[in-house]
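Have the sequence and the 3D view at hand as you read.

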Amino acid sequence: MLEIRHLQMMHALKRHGSLATTADEMNLTASAISHQLKELENYYDITMVNRRTRPISFTPAGLMVLELAESILPQVARTQSDIKRLAHGQAGRLRLASECHSCFDWLMPILNTYRGQYADVELDFSTGFDPEPHQMLVDGEIDLLITSSDLPIDGISYLPLFTYESRLVVAPTHPLASQAVITPQDLCDQTLIAYPVEESHLDIIAQFLTPNGVAPANIRTTELTAMLIQLVASEHGVAALPDWVILEYERKGWVVSRPLGVGVHCQLYAATRSSDAQLHFMQGFLNLLKDIQKP
């Protein structure tokens, strides 16, 4: 039967041209190499090498085995290397998702840095707006979640990133733009423009409206931040966004922002499975996140 050791032996024979030198490279005796060669020849009942030539030459059958060795052995070496990197957490797949749909501006530079440091790690993103991203993390569908909800779930660890203020965004000509502070009652007759996520995941609802027994008149959704801003600027409704997101659009004069009551302040986290904490490539990504400054 043809085995990897036979391919390695034939490949070494080609390089060295003698049983003795091949034996030295493979840390075997010349008789052991001779035995392997005879074993292969006896199994197929055909001569593989011309032992009387110096250096040893190969028969047509031996050349076929040698061609196979030159094709297979590099693949074996790559696979062995990949397995070792996986075993030490240096290679793998890192699937990301984010409940913060405005985070990519500050996340992209981190991803670019990470790709340079961990070229063997495949970065992937979960698309869409899943209603239960924490469960996706538990189920292994994603590996890291950017979230403002540190739900107490067994096996899930949270790394605090930074705090931000969620502010109301309105058109400069909107009546609420003249108010210094927004109250929950101010939003009773307003259309809230938001990302298509569960209402309980929206900061303005979870931390501002619901605790005060208030709900907006309507909720309109869009997946794109740019479209959300356009809808607000054209007075199709109001929205609540992180302070760092609003800043760019306020500078352009498209919208203005106002604090929600005394201020709705949120903490952003990176959530991972606790069992993945020791993976080298996971530690590398979390270390980059630890150093992040609020945008």
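**From surface patch to core**

Met1, Tyr43, Tyr44 and Ile46 make a nonpolar surface patch of about 450 Å². Such a patch joins nonpolar side chains (Val, Leu, Ile, Met, Phe, Trp, Tyr) within 5 Å, taking residues with over 30% relative accessible area and no salt bridge; a salt bridge is a side-chain nitrogen of Lys or Arg within 4 Å of a carboxyl oxygen of Asp or Glu. Accessible areas come from the Shrake-Rupley method with a 1.4 Å probe, and for residues only the protein chains shown count as cover. Please keep in mind that this is a predicted model, where local features need pLDDT of at least 70, side-chain atom pairs count only at pLDDT 80 or more, and totals for chains, interfaces and linings use all residues. Residues are numbered from 1 along each chain as its sequence is written, and side-chain values use heavy atoms, with hydrogens and water left out.

Tyr44 sits in helix H3 (residues 30–44); helices (H or I, at least four residues) and strands (E, at least two) are DSSP runs numbered from the N terminus. Tyr44 counts as partly exposed because its relative accessibility is 40%, with buried meaning under 20%, exposed over 50% and partly exposed in between.

Now look inside. In soluble globular proteins, nonpolar side chains tend to be buried together. Here the largest nonpolar core has 60 residues, and Leu94, Trp106, Leu144, Phe285 and Leu289 touch the most other members. Strand E6 (residues 156–170) gives the most to this core, with seven residues. Domain 2 (91–161 + 268–291) and domain 3 (163–266) both contribute residues, so the core lies between them. A core is a set of buried Ala, Val, Leu, Ile, Met, Phe, Trp, Tyr and Cys residues joined through side-chain atoms within 4.5 Å, and the domain bounds come from an automatic or database domain assignment.

Finally, follow the backbone. Most residues other than glycine have a negative phi, and most peptide bonds are trans. The peptide bond from Arg54 to Pro55 is cis, with omega near 0°, and Pro55 is in the loop between strand E1 (49–50) and strand E2 (57–58). Asn27 has a positive phi, near 55°, and lies in the loop between helix H2 (19–25) and H3. At 70% relative accessibility, Asn27 counts as exposed. Glu235 also has a positive phi, near 60°, in the loop between helix H8 (225–233) and strand E9 (239–242).

Methods:
Patch = residues over 30% accessible without salt bridge, like charges linked within 9 Å, V, L, I, M, F, W, Y side chains within 5 Å. Buried < 20%, exposed > 50% of the residue type's maximum accessible area, 1.4 Å probe, protein only.
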